[in-house]
Protein chains: 2
Amino acid sequence: MTNISRRRAIGMAGAGLAAAGAVQTAFAAGKAETWDLTCGVLVVGSGYAGLCAAIEARNAGAEVLLVEKMAILGGNSLLCGGGIAAPGSDLQKAAGIKDSADQLYRDMLKSGGGLVHEELARVVADNALPTYEWVRDYIGVKFDRLAFHGGHSVARSAAYMKGNGAQLVKPLVEKAKSLGVTIRSRTRLEDIILENGRVVGAVLREGFKFPDEKSGRLIRCRVKKGLVLAGGGFSQNVALRSLHDPRLGAQLESTNQPGATGDALMAAQRIGAVDIQMDWIQLGPWTSPDEPGFGVAPKIVEAVVGYGFMVDPETGLRFVNETGNRKVRSDAIVKTGHPAVLCVSQDNVGHVPPFALEKGLQNGVVKAFDSAEALADFHKIPKDAFMKTLGEWNAAIEAKKDPKFSAKIFDDTKKNAGKFYSVRLWPRVHYTMGGLAITPKAEVLGNDLKPIPGLFAAGEICGGVHGMVRLGTVSIVDCLLFGRIAGRNAAAL
Amino acid sequence: MTNISRRRAIGMAGAGLAAAGAVQTAFAAGKAETWDLTCGVLVVGSGYAGLCAAIEARNAGAEVLLVEKMAILGGNSLLCGGGIAAPGSDLQKAAGIKDSADQLYRDMLKSGGGLVHEELARVVADNALPTYEWVRDYIGVKFDRLAFHGGHSVARSAAYMKGNGAQLVKPLVEKAKSLGVTIRSRTRLEDIILENGRVVGAVLREGFKFPDEKSGRLIRCRVKKGLVLAGGGFSQNVALRSLHDPRLGAQLESTNQPGATGDALMAAQRIGAVDIQMDWIQLGPWTSPDEPGFGVAPKIVEAVVGYGFMVDPETGLRFVNETGNRKVRSDAIVKTGHPAVLCVSQDNVGHVPPFALEKGLQNGVVKAFDSAEALADFHKIPKDAFMKTLGEWNAAIEAKKDPKFSAKIFDDTKKNAGKFYSVRLWPRVHYTMGGLAITPKAEVLGNDLKPIPGLFAAGEICGGVHGMVRLGTVSIVDCLLFGRIAGRNAAAL
């Protein structure tokens, strides 16, 4: 028995993992005919992270194959709000808001509660503005709205008056295609192939029909340069998420697309990649039980916090800082045991993008009332308590200071009176903060805490960037930025 | 390419992991001469969990080999306090304390903060009393003291007037040896060998000299029945613990023996075992900066909480519930930025086992004073504030109710006056709640969330039993009990 190294041992394992019996032997012998396909950089996943990785790898000269297991491209990026945290942006300047990379960094550390990998957060904060500008100038997507998201110290998210994250997916796909990236949907990563501890290929399942794990057929793809995992999180994998946090069973819905099941992450685990902080799973506090999935409610809610107020309909009282981070708000709503009611008057509702308000009124998520009393009647809120709460909130607005929960009150927040709108809120599983451990170069760490050569990851599949609580629109920077870093570094091998 | 199953694929990986090149081929061919050693059940680790697994596997008729990587047997079990949470014990009955398995279960869930795997906690709570009785009657270790530990609802820990956990290690080792268990120290688990997805052996490093990873030589051990991993936690692995929780860097010491580095856990990760909740790492709030390691302070502190009181020496004020769980107390001390001072008077110090008090006075951890004022002078505590705190605490004792932090006050808590003792406290990394995911049968879950055939785990190497916060002396039940379950089930294969 020779004194084998850990890395080499893992290498052999990868060969074993990716193919059984005779195929493994053929592979181990290095026969070229065992490969069905060859590329320079293989990217798994077609959300922001995967698309950006593909674009940058291609720009660096690599032959790039991007695979997506679902029938349509875009993953959760299709569903998200699409804003980009961008300290110092043109939108902030126009609004006279002072901000900086350092301030975003501090907000991330505060929200992350001590679990943030500071070197990763630093990369995100320092490159948030250039990432926004890259999207605006290179990809050509324009932003026309500055949004505030709970937990941020200022309004810093570049957003859209109309539309959502989907409108950034399309131009990214077009850019990738125009550069010559090959894109294959219904193609799932089954296993990663290592040789001497380095990624050299992948077993793919082509013709995959989600969720049938045995559909399609297996092929072997040679990867000459690097493999980028951008397969997303696992919010839709009830067994996996409740293994890590038993509270998050099937009784909770998810905002995510159904394919967010963590397959790529698990493939990486099987070659010895290390995952971290998998039990930090975020509930979105702004989803409504009156519509499915992510819905339109989040866009309305985040435009209204700091203007309107939220009550427990059983008591008529406010019960949490409406501008607090997602965890603070979700935990507080879940603790009451029933949906909360967010209330805002006509004078303050103008911050909601008109298309969103219209859609919410159409699908029944938003209810309109002639008065605060009518709102209370409809939701069966104790009226005296509710009117007292309204009075206190209006007094806080006048004083520009919320004595009860220190909620943020904006310069243009007006007293709530006259006609009212309401949205019922109940959290859904939204984002898995944990995932693969990476370096600032997007290299994936192995079991020996060293990078696995040839393996990169970006986006929600990674852990450590956000710690305990992710702030709204920071993941989009994370996905775009680390996708680009991963693509560049994969192509450079 | 055939449609290979995940489990089978992992099986091939294991073969690859455990041995490289020619050796792997020889193994894959099933040549008997590639084994250096054969056993029925292999147990890794010689703390409570490992010793109990070995004893039960041997009692079930298996040939048992137990390996320990360090030169001495016992692991952290040698250092711990050694109490056993035993609801309904003879000691509780003698003290007139009502308790039940259900009450322990509720305490575990409360302390675990929603992350507890309830089916595992149920097994621990329901079998805590029988486990205590097994130790008392079968192993023959007598307990002569009933102890309270922070976070428990009652005093329920069977403990010793003299000594610590080491006095249970010795009779367990003797029992194992008398039953015919083979024990090898300085023998480290390097890798686990799978065949068709089932554990069939292990690569061991014999003659290992911690921490030299290349010392000794590798041998291959065939495992005919099952492998039990009882290798403990990773509190001493600074790189690993700070990957999961970046706050726990080298600036924090650990109470653990130096070998608590998580090797066995990492070997299991390499064959696709799933770990959970690795970022929940417990600081012990009762260690003193005035002695190294675990020390004698914890025994003194836990005997004194609910009698004496703890102050921040900069303010002279109490700042936390002294009878709260470990996390509550550790977090509060760390937040002050400097060691706390625990204070108790002569009339209340009788709850400390005399040998511990004597040892503390000898090594300087405990300081004795003629008066409260002298204590304040020594520790440079603002005297007026300190005397006011003392007065408030004594009033709370008289009222049997602590209005400030709801600390538990016992029936026999006396006012603190006259001669005083103090202990300075600063937390150390003590216990890793996270680890391998197991079933109530102690089977280790693989990446596909199904048990890996032939692989069992018990004790601190596992996650999910304790959730966010482990209660004092519950891990000892956990180790003894799941060790026994793992040993029995490994032998039954």
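1. Salt bridges between the two domains of chain A: across the interface of domain 1 of chain A and domain 2 of chain A, the rule finds zero of them. A salt bridge here is a side-chain nitrogen of Lys or Arg within 4 Å of a carboxyl oxygen of Asp or Glu. Please keep in mind that this is a predicted model, where local features need pLDDT of at least 70, side-chain atom pairs count only at pLDDT 80 or more, and totals for chains, interfaces and linings use all residues; side-chain values use heavy atoms, with hydrogens and water left out, residues are numbered from 1 along each chain as its sequence is written, and chains are lettered from A and ligands numbered from 1 in the order in which they are written.

2. Where are these domains? Domain 1 of chain A covers 6-77 + 169-282 + 432-491, and domain 2 covers 286-426; such bounds come from an automatic or database domain assignment. Their C-alpha centres lie 39 Å apart. To the contact (heavy atoms within 4.5 Å), domain 1 of chain A brings 10 residues and domain 2 of chain A brings eight residues.

3. The area buried between these two domains is about 660 Å², with 65% of it from carbon and sulfur atoms. Buried area is the accessible area (1.4 Å probe) that two parts lose on being put together, summed over both. Thr255(A), Gln282(A) and Val469(A) supply 55% of what domain 1 of chain A buries against domain 2 of chain A, more than any other three residues.

4. On confidence, chain A has a mean pLDDT of 92, and 93% of its residues reach 70 or more. The pLDDT is the predictor's confidence in each residue, from 0 to 100. Do look with care at residues 1-31 of chain A, where the pLDDT is below 50. For the complex, the predictor gives an ipTM of 0.90 and a pTM of 0.91.

5. Now follow strand 9 (residues 217-229) of chain B, which pairs in the parallel sense with strand 1 (residues 37-44) over seven bridges. Strands are DSSP runs (E, at least two residues), helices likewise (H or I, at least four), numbered from the N terminus; two strands pair if DSSP finds at least two bridges between them. Val44(B) stands opposite Leu229(B) in strand 9 of chain B. Strand 8 (residues 198-206) of chain B pairs with strand 9 in the antiparallel sense over six bridges, and Val203(B) stands opposite Arg220(B).

6. Beyond residues up to four places away in sequence, Leu104(B) touches several residues, including Pro87(B), His152(B) and Val474(B).
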